[in-house]
Amino acid sequence: MARSYHKVVVANRGAVAARVLRALSEMGIRSVAVYSDADRHAPWLEWSSEAHHIGSAPARDSYLNQDTLIALLKQTGADGVHPGYGFLAENAAFARRVTDTGAVFIGPAARWIEDMGHKTRARALAKEYGLPVGVGTDVLPSEPAGILAAARKVGFPLIVKPAGGGGGIGMLVARSETELLAAFDKAASLAQRSFSNSDVYLERLVDRPRHVELQIVADNFGTCRHLFERDCSVQRRHQKVIEEAPGPGIMREVIGGLADDIAGKLGSAGYNNIGTVEMLMDADGSFSFLEMNTRLQVEHGITEEVTGVDIVKTQVRLAADEKLAEVLPQDTKIDGHAIEARVYAEDPRRFFPSPGKLEVFRPPVAAGVRVETGYCEGLDVTPHYDPLLAKVIVQRGTREKAIDDLIEALGAFEVRGVKSNIPALVTILGSDQFRAGAVHTGLIGELIK
Amino acid sequence: MAECEAKSEVTGSVWKIVTEVGQQVEAGDTIMIIESMKMEIPVVAEESGTIKAFLVKEETPVTEGQVVAVLES
């Protein structure tokens with residue numbers, strides 16, 4: 001029997017809080033928004049049934065404060081928590097604390113969050129489930145002979161990665177054994193100081209890879225499907241900037257077969273709610289597992305635009321024990337092409353953060369242009385949170401038309417008071433390489449110097 | 001002995017100091033990491049040298065262009 005919600009806490013801020021609150025409002029579910037000192041005047045608070053102050057601006061004192069959020073959950077009599085993405089969305093302990101109160105955590109089971117959170121453990125699990133996993137090692141030993149023996153199995157060039165952290169910190173490329181031993185010391189020391197965990201491992205370096213990911217949707221009863229792929233190759237500092245669905249130039253039969261296979265395997269393993277399987281696509285067209293995100297993805301909107309499925313509402317319903325067959329249409333198809341550009345408060349050349357006051361903030365208003373934002377004119381963009389100002393999404397019949405109309409929409413987006421990456425987005429979208437679909441993770445480095 | 005300053009390129013706060021006073025660093029090595037808008041932006045040594053002093057501590061707020069460490073080369 002599916003449960004129904006009385007009230008849901010949205011434990012997040014900004015564009016994703018706005019997105020989830022809107023979905024809840026459309027579903028007729030009462031909502032509780034939370035805000036820090038910095039977000040007192042945020043526009044998304046108006047979408048909620050009630051809004052509560054939870055602390056000062058630094059995230060650890062507000063959006064990451066589990067005690068406050070759990071107390072609020074009890075105090076408001078809410079029976080569901082949507083974590084959004086970032087903050088506590090992939091914190092297994094928080095998910096457990098929510099379910100321990102008897103409320104629904106709108107996301108996968110805590111064990112999945114835990115298993116996919118550690119990189120080498122996730123790789124081992126992916127291998128166990130029969131997913132394609134790239135060549136790599138387990139956590140490296142500390143003595144040179146052991147490191148070199150592991151490296152010889154992977155082959156050069158390779159990349160040294162911290163196992164317990166992310167964000168590109170401590171990731172170093174090594175092209176020879178001498179370089180590797182130096183890189184190991186640096187990466188392990190940086191990992192220890194940054195994540196209090198000096199574990200590092202090796203992966204084969206893929207030249208000019210593409211980043212392709214699958215949207216997974218699963219119910220609590222072992223049924224799992226996918227909503228096709230997204231290409232998120234255009235990145236700076238290992239963070240996504242432009243995403244599109246479907247992936248340009250990927251043969252439907254290849255990706256379709258792989259996606260069906262992966263969804264089937266995750267279903268048998270009991271994966272539930274939504275998730276994203278991130279993969280690297282090599283120049284030869286082969287795919288390898290990178291990691292799995294056990295939450296709503298920032299770029300979920302492009303999948304919604306091409307499939308017509310509301311992923312947030314789907315997620316809310318699946319968490320309440322509805323069956324996939326009741327939630328998703330029998331047959332989902334890709335309609336046209338959707339592209340998302342992330343407008344960040346950062347300079348358009350070196351992509352350094354640019355906090356400040358939004359003196360002018362006028363997102364484009366045009367038919368078929370979707371803007372997701374948590375900001376409005378006059379608000380401060382503080383250094384405490386991520387630099388995302390808005391996501392601009394365009395869906396059209398063809399990729400060419402989507403590119404043209406997204407460039408036009410971005411051109412009409414007025415931002416003053418902080419630097420924005422809009423000029424860089426326009427350069428990338430208008431480049432011959434992007435138009436040809438020749439995307440890869442190093443494209444921004446080639447186009448913007 | 002020439003002195004050279006290491007500056008933060010962003011407004012934010014010092015997340016982690018990953019070197020020590022007296023430590024030898026090479027050009028391009030990360031001296032400390034500044035956190036701003038959930039991004040970790042390294043302060044890197046422009047030339048090889050020895051760390052002479054830090055002008056900030058972990059969690060100190062910094063502004064764009066602020067000198068955070070002095071190196072001797």
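1. In what order do the four strands of the open sheet in chain B lie? The order is S5-S4-S2-S7, with antiparallel pairing, where two strands count as paired if DSSP finds at least two bridges between them, and strands are DSSP runs (E, at least two residues) numbered from the N terminus, as are helices (H or I, at least four). The edge strands, each pairing on one side only, are S5 (39–44) and S7 (61–62) of chain B.

2. This is a predicted model, in which local features need pLDDT of at least 70 and side-chain atom pairs count only at pLDDT 80 or more, while totals for chains, interfaces and linings use all residues. Residues are numbered from 1 along each chain as its sequence is written, chains are lettered from A and ligands numbered from 1 in the order in which they are written, and side-chain values use heavy atoms, with hydrogens and water left out.

3. Strand S4 of chain B (residues 30–36) is joined to the antiparallel S5(B) by six bridges, and Ile34(B) stands opposite Ile41(B) of S5(B).

4. Chain A has 15 helices and 20 strands. Its radius of gyration, taken over C-alpha atoms, is 22 Å, close to the 22 Å that the globule rule gives for 449 residues, so chain A is as compact as a globular protein of that length; the rule is 2.2 Å times the number of residues to the power 0.38.

5. The C-alpha atoms of chain A fill a box of roughly 60 × 50 × 45 Å along the principal axes.
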